[in-house]
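Here are my notes for anyone opening this structure for the first time. Have the model on screen and go through the points in order.

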Amino acid sequence: KHPRGDDFIHIEKAEVLPNGDLIALYTAIGDTPWGYGIAKLNAQSQVIWKYLGHAHHDFAVDDAGNVHVLSQQVVETDLPGFSHLPKPRIDDFLVTLSPDGEERAPVPLMDVFAASPYGRRLYFASNESYLNGDYLHANSVDILKGPVAGIPGSRAGQALISFRERSTVALIDPASRSVVWGQSGPWVRQHDAQVLPAGTVLLFDNEGSSAGHGRSRVLEIDPATARIVWSYAGRDREPLESLARSSQTRLANGNTLIVESMAGRVIEIAPNGDIVWEFVNPVRSGEGDRRIPIIFWVQRMDPDRYFDTAFKAQLKD
């Protein structure tokens, strides 16, 4: 109702498409609902389309060019079966936008989750959730390209959603508006859950590490058993710690690209845990240089696909 000024608005996530177009999701610090919209721009920064719903945190583009994005609204009504939850409440939605940016029927994630066998987890809402009305806090979406061996009933087009406040990842079927599968495990307040081609689930575990380095780690999980297949929690003098945000990407070479948001750090990790390279934002401010610019996201770019010869020469220099 009272939007923040431009100084508070930033791009929370963006993705360059194969043709060079850019999809950018905008949010503003210090406002609720979280999220100011999402837009598609061409390589000349001309707006192709824009969606002014409360898009937030994450989006995924499927093979047909549809954009699946999280949004939220503040609601005043009781949640069926959970009337004890204080109101007003923040409800998350999964919105599908056509390649032209047209909105299709949004899926009410709170209603779907509450009506599922996993809805009982809402009884374990934290004191923080009771104070701010944020009982799910959806923070990532990944669209399945096909069935996943370890998840019965999975199929292409379903959405894997990370719910931070429930420390749960759930597979949502937009067509039936139902939870196909859900899992909690040895992770706490996770971000960026995604299905890898091998059928495992990769996520950033923000607060579940007990390795003795930092409180965070990246986990690769077998969804059939919740067994940890691979993990990285940092090493001595190289902790991994980000109590909010953060993400990771499994690269084609088998390495993992990790965004340690609250440290302003990006690292590429080999399967054995060696750091291939890292970038630490050198900008600091505040008393004792304690303020660090947050890095929200990173995308590995193929220079042969996007850049001309002159620009690639500049990169090499």
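1. A nonpolar core here is a set of buried Ala, Val, Leu, Ile, Met, Phe, Trp, Tyr and Cys residues joined through side-chain atoms within 4.5 Å. Keep in mind that what you see is a predicted model. The largest nonpolar core has 26 residues. If you want to find it on screen, pick out Leu109, Leu122, Val141, Ile161, Phe163 and Ile172, the residues with the most contacts inside it.

2. Which elements supply at least two residues each to this core? They are helix H1 (109-114) and the strands E9 (138-143), E10 (159-163) and E11 (168-173). H1 gives the largest share, with 5 residues.

3. Neighbours within four places in sequence aside, Ile161 is in contact with Leu70, Leu109, Ala138, Ser140, Val141, Thr168, Val169, Ala170 and Ile172.

4. One of those partners of Ile161 is Thr168, which sits in strand E11. Is Thr168 buried or exposed? Its relative accessible area is 0%, so Thr168 is buried. Not counting residues up to four places away in sequence, Thr168 touches Phe113, Arg121, Ile161, Ser162, Phe163, Gln183, Ser184, Trp187 and Gln190. There is also a polar atom of the Thr168 side chain 2.7 Å from the backbone oxygen of Arg166.

5. Rolling a probe the size of a water molecule over the atoms shows where empty space is left. The second largest pocket has a volume of about 350 Å³. It is lined by 18 residues, and Trp34, His57, Asp134, His137 and Arg164 are the closest to its centre. The lining divides into 7 charged, 7 polar and 4 nonpolar residues. Strand E5 (55-61), strand E7 (89-97) and helix H2 (127-132) each supply at least two residues of that lining.

6. Please look at the backbone in a few spots. Most residues other than glycine have a negative phi, and most peptide bonds are trans. A cis peptide bond joins Thr32 and Pro33, with omega at about 0 degrees; Pro33 belongs to the loop between strand E2 (22-28) and strand E3 (37-41). Another cis peptide bond, again with omega of about 0 degrees, joins Lys87 and Pro88, and Pro88 is in the loop between strand E6 (67-75) and E7.

7. Which phi value does Ser246 have? It is positive, about 85 degrees, although Ser246 is not a glycine. You will find Ser246 in the loop between strand E18 (238-239) and strand E19 (247-250). With 5% relative accessibility, Ser246 counts as buried. Asp289 also has a positive phi, near 55 degrees, in a residue other than glycine. Asp289 is in the loop between strand E22 (275-280) and helix H3 (303-306). Its relative accessible area is 48%, so Asp289 counts as partly exposed, given that exposed means over 50%.

8. Leaving aside neighbours within four places in sequence, Thr77 is in contact with Lys87 and Arg89. From Thr77 to Arg89 there are 12 residues in sequence and 8.2 Å in space, C-alpha to C-alpha.

9. Where in the chain is Ser209? It is in the loop between strand E14 (201-205) and strand E15 (217-222). Ser209 has a relative accessible area of 13% and is therefore buried. A polar atom of the Ser209 side chain lies 3.5 Å from the backbone oxygen of Gly214.

10. Last stop: Thr309, in helix H4 (residues 309-316). Thr309 is exposed, with a relative accessible area of 65%. Thr309 and Glu12 are 297 residues apart in sequence, and their C-alpha atoms are 30 Å apart in space.

Note on methods
Residues are numbered from 1 along each chain as its sequence is written. This is a predicted model: local features need pLDDT of at least 70, side-chain atom pairs count only at pLDDT 80 or more; totals for chains, interfaces and linings use all residues. Side-chain values use heavy atoms; hydrogens and water are left out. Buried means under 20% relative accessible area, exposed over 50%, partly exposed in between (1.4 Å probe, protein chains only). Helices (H or I, at least four residues) and strands (E, at least two) are DSSP runs, numbered from the N terminus. Contact means heavy atoms within 4.5 Å. A polar contact is a pair of N or O atoms within 3.5 Å; within protein, one must be able to donate a hydrogen and the other to accept it, and residues adjacent in sequence count only if both atoms are side-chain atoms. On a 1 Å grid over the protein atoms alone, a cavity is a set of points where a 1.4 Å probe fits but cannot get out, and a pocket is an open set with protein on both sides within 12 Å along at least five of seven lines; lining residues have an atom within 4 Å of a point. Grid points are joined across faces, edges and corners, and a volume is the space filled by probe spheres set on the points. Ala, Val, Leu, Ile, Met, Phe, Trp, Tyr, Cys and Pro count as nonpolar, Asp, Glu, Lys and Arg as charged, and the others, Gly among them, as polar.
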